[in-house]
Amino acid sequence: MGGVEDDEPPTKRVKVSLGGKRGLANNSSHLEPATGSLYNSMARPLPSDGGDEEMVGSKGIIKKMEFVRIITEALYSLGYEDSGSLLEEESGIPLHSSLVGLLRKQVLNGNWEESVVTLRKIGILEESTLKSASFLILEQKFFELLGKERVIEALQTLRTEITPLNINVNRVHELASCVVYYSQPKLVGSSNGEVVSGKSRSKLLEELQKLLPPAVMIPERRLENLVEQALNVQRGSCVFHNSLDSALSLFSDHQCGKDQIPSRTSQVLESHNDEVWFLLFSHDGKYLASSSNDRSAIIWEVNGDGVVTLKHKLTGHQRPVMSISWSPDSRQILTCGLEDVIRLWDVNSGECLQVYEKSGLSFVSCEWHPDGNRIFTGLIDKSICMWDLDGNELECWKGQRTLKISDMAVTSDGEKIITICRETSILILDRVAKVEKLIEEDQVITSFSLSRDNKYLLVDLFNQEVHLWSLEGDLKLVSKYKGHKRSRFIIRSCFGGFEQGFIASGSEDSQVYIWHRGTGELLEKLPGHSGSVNCVSWNPRNPHMLASASDDRTIRIWGLNSVNLKRKEKQENGVVHHCNGRA
């Protein structure tokens, strides 16, 4: 693989040295309500008889009245009107009081003054909440009058009803501007038809529900939200969870087994003629690219049945191919040679589209800009340059920006470039804000990878550890992963699995290591290779597919233990072994 020494010539192996506010378009004022929305009923706290509330459930912590009301709301929200009404009748526990029902009816019918009066009769609302709710109702009245071109009445509502509330002054000014431009619906925020529609009044009910206490108006689909929370807790506590949410069931507590982790070799790919140093799945998961000491790169296709076949072998580099970078749309690929040129390839045809060169200098790393029209490169003089796809240099950052052998990552907004700038430091360069941050380690850094959400960086170290750093706010080390072996070569790790909940790494003991990202627990050691495992990549679209690259000149595709492939067969466009077992 590649090392990090600046002066050591390339050999068979390069070794590592030891050295909110909602606008007018939304037809709503700016408020700070509770979350949720209203389905088609509203509720207020029901009076208590003064005694102890009846509880249900084995723990005795669920209030029966709340429980029944939430079930009733669920029935109504699912469209089971008769069942909801029957539950109210049989239980003697109404979903909401008559006052709240009246308020709902008045809002839907557009009886604005009566709505405000009823709102005050509820009697348990704080004055600030009461004013904010009244503002919402009267604002809707204002827009409907304006939508009907009753401008004088709308202005009167603004002056005599909305303004005296003495809240949301900026919003009042915005409403006043609407009077001037009422004939231009886009400036008002909606078409006249939409302003007076029932849909608009239903949205008002939703806004009121967010603002008023939950006991007054039960949040829409509250029971569903509670069940989802329970499932999320179960999923979060499941160390081996690596399946789609459709696998979760309400009929039993959720618990995955190790069979959800890819741990059985499903294929062995043998088309490289020397050590395989790097591999990476495309963003859409349909392709896998690998690069080797044999100075070639290969594009593999992941077929619909999960079988991986050779698509193109890319040749032309004069030195070993160190790294690969996929375009955002997975249609093109960059290959970077060891102190060599960078080549741009078309994935479909396998044609080399462009060769990037800089006089007197060679490249050590490459990465795409998220717009797909530019690329970033690290050069041997430790600078970073940005190019267009035609090979024109657009911008360059000089200085100690990168090492002779270096990884590179670019955040999804294209603003931050991440490189190894010194043996123990990673540079985060904000090229827009012109701000630099450093991740400082005590050990030599050999490689890193950026999480899909740009929030975390996985750092591989010389001391046989993998560190997880948080990039949000102040840079912070949050986890360490140990157990794999490395003493001489660059070994790469990756994020992977469902919601990138796992960490995988190669190892010099010929095994693949898998940890739980959150707990740091070592879950699996996968034997099978006969040489150092240099790199791993997890399919971003298939949490059950993992690939590993090794000194034994092979790539292994790992799948679930439940996969039982008993046959061995050869593909015409590359040697592919289908295996039943780990070896």
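Biologist: At what angle do helix H4 and helix H5 pack?

Modeller: Happy to start there, with a predicted model in which local features need pLDDT of at least 70, side-chain atom pairs count only at pLDDT 80 or more, and totals for chains, interfaces and linings use all residues. Residues are numbered from 1 along each chain as its sequence is written, and side-chain values use heavy atoms, without hydrogens and water. Helices (DSSP runs of H or I, at least four residues) and strands (E, at least two) are numbered from the N terminus. With axes (lines fitted to C-alpha atoms over the stretch in contact, angles running from 0 to 180 degrees between N-to-C directions) 10 Å apart, H4 (residues 112-121) and H5 (residues 127-147) pack at about 170 degrees.

Biologist: Is H4 roughly parallel or roughly antiparallel to H5?

Modeller: Angles under 35 degrees count as roughly parallel, over 145 as roughly antiparallel, 65 to 115 as roughly perpendicular and the rest as oblique. The packing angle is about 170 degrees, so H4 is, relative to H5, roughly antiparallel.

Biologist: How many nonpolar residues does the contact of H4 with H5 have?

Modeller: Contact means heavy atoms within 4.5 Å, and the residues making it include Trp112 and Leu119 of H4 and Leu130 and Ile137 of H5. Ala, Val, Leu, Ile, Met, Phe, Trp, Tyr, Cys and Pro count as nonpolar, Asp, Glu, Lys and Arg as charged, and the others, Gly among them, as polar. Beside 3 polar and 5 charged residues, the number of nonpolar ones is 7.

Biologist: Is Thr129 buried or exposed?

Modeller: Thr129 sits in helix H5 and, beyond its neighbours within four places in sequence, contacts Leu211 and Leu212. Buried means under 20% relative accessible area, exposed over 50%, and partly exposed in between (1.4 Å probe, protein chains only). At 16%, Thr129 is therefore buried.

Biologist: What is the relative accessible area of Ser327?

Modeller: Look in the loop between strand S8 (321-326) and strand S9 (332-337) for Ser327. Not counting residues up to four places away in sequence, Ser327 touches His283, Gln332 and Trp368. Ser327 is buried, and its relative accessible area is 2%.

Biologist: How far apart in space are Ser327 and Trp368, C-alpha to C-alpha?

Modeller: These two residues touch. Ser327 and Trp368 are 41 residues apart in sequence, while their C-alpha distance is 6.1 Å.

Biologist: And for the whole protein chain, what share of residues counts as buried?

Modeller: The chain has 11 helices and 31 strands. Of its 583 residues, the buried share is 52%.
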